[in-house]
Amino acid sequence: MAGTDTSQRKARVDPNKPVVEFIGVRKKLSGRMILDGLDFSVRRGETFVIIGYSGTGKSVSLRHMVGLMKPDEGSIRIDGDEITTMTQRELEVLRRKFGVLFQSGALIGWLNLFQNVELPLLEHTKMSKRKRAEVVQEKLELVNLWQDRDKFPSEISGGMKKRAGLARAIALDPQIVLYDEPSSGLDPVIAHEIDKLINRLRDSHGMTQIVVTHDMESAYTIASRIGMFYHGKMLQIGTPNEIRTSAVPEVQHFITGGREGAVSTRSDAAIQHGRAPGMLSQRTAEAIDAAADAAPTEQVYVLLEERPDDGTPAPAGAPSTTPELKPEAELESTQEHQTHEEKP
Amino acid sequence: MKDFWLIKVFRGTGYTLVLLLEALGLFTHAWKRRAAIMGQMHIIGAQSLPIACFFMLLIGMVFALQTGIEFARFGQTNLVGLVIVSAMVRELGPWMTAFVLVARVGSSMAAEIGTMKVSEEIDALEVMSVNPVSYVVMPRVFAYAIMGPVLTVFGTLVGIAGGAIVANIQLGVKLEDFLRFAERGAEPLDIYWGLLKSLVFSLCAAAVACSNGMRTSGGAVGVGQASRNTVVIALTLTVFLNYLLTSFYRMVKRLVAGLM
């Protein structure tokens with residue numbers, strides 16, 4: 001029955017029209033440009049995987065998709081409908097198209113697994129109790145958790161929570177399923193189980209799926225297309241093979257775990273000091289770029305003696321003891337000094 | 001960039017008021033959420049009853065002892081009943097019950113909602129188009145508003161009983177003397193006003209707890225902060241509103257007396 005449903009849906013809408021479309025989306029959060037002109041579109045029925053360094057705002061882009069966050073600039077379209085200007089009520093209708101699997105599963109703590117999966121059915125359908133139980137059983141069996149239906153989220157492992165979260169996400173047979181780091185914190189076997197589930201949903205239910213991950217193995221297994229997210233933009237979008245053989249040095253750097261390829265001076269400097277490239281404050285990033293233009297690359301690393309964003313002092317004995325690193329203030333003055341020298 | 005503290009206060013107050021109004025406006029969902037409301041009433045009311053009664057009992061006893069010592073100097077120990085009843089009904093009952101509830105229920109409510117917020121459960125509800133105000137906040141606010149006055153009634157009665165016990169055993173006041181003066185301690189209007197105060201404190205504490213929970217960010221530290229802020233803000237508001245409501249009541253009573 002689900003099959004005919006999908007084919008009818010496909011017949012009604014143009015299959016080539018993108019389901020999700022981001023056009024020039026910008027978002028600034030606590031002084032950092034998280035999304036900086038993000039452009040991409042996702043086709044119907046494909047599994048689109050977004051990869052990229054942690055802390056760069058991949059999850060933020062997912063939150064934009066369902067209207068939990070609004071962009072500062074740009075437009076986001078779901079099935080051709082502009083969602084950035086939608087009212088709360090319109091958003092509620094829009095969200096029925098989505099199922100979202102959150103990083104930790106986000107199950108409601110006082111409901112057991114059965115009730116958690118039943119929740120969207122209770123809220124949005126007028127199904128009889130028997131029908132609801134059937135649907136819940138179907139979904140929980142799909143993720144292999146039916147025998148644990150009476151357990152509460154606090155009694156089960158992380159992998160089970162994620163699978164239960166997935167069962168809840170697809171309870172209403174959404175058109176689009178979003179996954180936020182589905183394999184993080186899971187052992188390889190369970191992570192692979194989740195990958196198989198994602199593939200099964202694509203093949204049997206024809207769902208459009210968008211997956212944010214930094215697990216490359218999983219990305220190759222599930223992706224129709226992969227998009228590399230880098231400094232708030234899509235650096236490259238391609239099939240798994242195109243990404244694997246990518247000539248872009250930043251992409252090579254990411255997918256080989258830093259063994260090959262290279263990144264910009266800015267990211268390289270950050271990685272050298274164990275920071276995610278996306279986590280640099282706007283000011284430091286700009287300072288590094290400016291210094292990179294003015295000075296040889298080696299000197300740029302010095303600029304990373306940056307305070308953490310929450311304002312707590314950097315731990316003692318951290319890189320600050322390394323001789324070539326100087327405090328940021330001093331660096332800025334050096335930089336000013338340099339530009340000053342260049343002027344005459 | 002850090003905002004000026006006053007702006008934060010205004011923003012917080014505004015959010016809390018809007019949340020409270022929104023929750024109250026969702027009373028039409030109350031029937032659908034009756035199970036959740038009953039569950040919260042159990043936690044807020046039934047489970048808080050022993051500790052609230054214990055508190056009020058001892059407060060009543062201490063109060064009787066202290067006033068009794070002073071009254072004994074003038075040979076007026078019989079008046080203890082009057083003082084206890086008027087104080088319990090007008091002030092101590094609503095007020096101390098509110099304190100117990102904030103400490104026991106308000107803090108945990110903020111921590112619970114705060115944890116839901118930081119573990120993305122609130123977002124998950126929103127993504128499922130389940131309004132978190134209707135699903136999480138409204139049942140708590142309603143249960144709190146119902147059980148606050150109910151607990152106040154129990155607390156006040158137990159407090160008066162505690163006073164009577166001490167008066168009888170330690171001060172040597174006969175029970176019938178205690179009751180005879182106790183009747184003059186409070187008129188019906190005092191009782192209603194005391195219950196109204198309790199309702200106001202309850203709504204206020206529930207709104208502050210839920211609002212702090214919903215605004216939580218930043219993991220375990222944030223949850224702790226939400227819980228702490230709730231206790232501080234709710235208790236401050238309680239004492240402040242208590243003063244306002246009491247002076248208003250006095251004003252009205254005087255006005256009425258002057259007219260008659």
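**Note on the cores, the chain contact and the salt bridges**

1. The largest nonpolar core has 43 residues, and those with the most contacts inside it are Val49(A), Ile51(A), Leu140(A), Leu166(A) and Tyr179(A). Helix α7 of chain A, which spans residues 188–205, gives the most to this core, with 5 residues. It should be kept in mind throughout that this is a predicted model.

2. Leu166(A) deserves a separate entry: once its neighbours within four places in sequence are left aside, Leu166(A) is in contact with Leu101(A), Val143(A), Tyr179(A), Leu197(A) and Leu201(A). One of these partners, Tyr179(A), is itself listed with Leu166(A) among the residues with the most contacts inside the core. A second, separate core has 42 residues, and these include Ala23(B), Leu101(B), Ala110(B) and Val136(B). As general background, nonpolar side chains tend to be buried together in soluble globular proteins.

3. Turning to the interface, the contact draws 23 residues from chain A and 18 residues from chain B. The area buried between the two chains is about 1,700 Å², and carbon and sulfur atoms give 57% of that area. Across this interface the rule finds 3 salt bridges, together with 8 residue pairs in polar contact, where both residues are at pLDDT 80 or more.

4. On the side of chain B that touches chain A, the elements that give two or more residues are α4 (80–118), α5 (121–127) and α6 (132–169) of chain B. The largest share of that side comes from α5(B), with 6 residues. Sorted by class, the side of chain B that touches chain A has 8 nonpolar, 8 charged and 2 polar residues.

5. Which residues of chain B form a salt bridge with Arg63(A)? One is Glu120(B), whose closest N and O atoms to Arg63(A) are 3.8 Å apart, and another is Asp123(B), for which the closest N and O atoms are 2.5 Å apart. Asp123(B) lies in helix α5 of chain B, while Arg63(A) lies in helix α2 of chain A (residues 58–65), so this pair joins two chains. Asp123(B) has a relative accessibility of 7% and therefore counts as buried, the cut-off for that class being under 20%.

6. The side chains of Asp148(A) and Lys151(A) meet at 2.9 Å, N to O; Asp148(A) is buried, with a relative accessible area of 11%, whereas Lys151(A), with a relative accessible area of 33%, is partly exposed.

7. A further salt bridge in chain A is formed by the side chains of Glu193(A) and Lys196(A), at 3.6 Å from N to O. Both residues lie in helix α7 of chain A, 3 residues apart, which is about one turn of the helix. Glu193(A) is partly exposed, with a relative accessible area of 38%, and Lys196(A), at 43% relative accessibility, likewise counts as partly exposed.

8. Finally, salt bridges that share partners join Arg26(A), Asp36(A), Glu73(A) and Lys233(A) into one network.

Notes:
Residues numbered from 1 in each chain as written. Chains lettered and ligands numbered in written order. Predicted model: local features only at pLDDT ≥ 70, side-chain atom pairs only at ≥ 80, totals over all residues. Heavy atoms only, no water. Core = buried A, V, L, I, M, F, W, Y, C linked by side-chain atoms within 4.5 Å. Buried < 20%, exposed > 50% of the residue type's maximum accessible area, 1.4 Å probe, protein only. Helix = DSSP H or I, 4+ residues; strand = E, 2+ residues; numbered from the N terminus. Contact = heavy atoms within 4.5 Å. Buried area = accessible area lost by both parts, 1.4 Å probe. Salt bridge = Lys/Arg side-chain N within 4 Å of Asp/Glu carboxyl O. Polar contact = N/O pair within 3.5 Å; in protein donor to acceptor, adjacent residues only side chain to side chain. Nonpolar A, V, L, I, M, F, W, Y, C, P; charged D, E, K, R; others polar.
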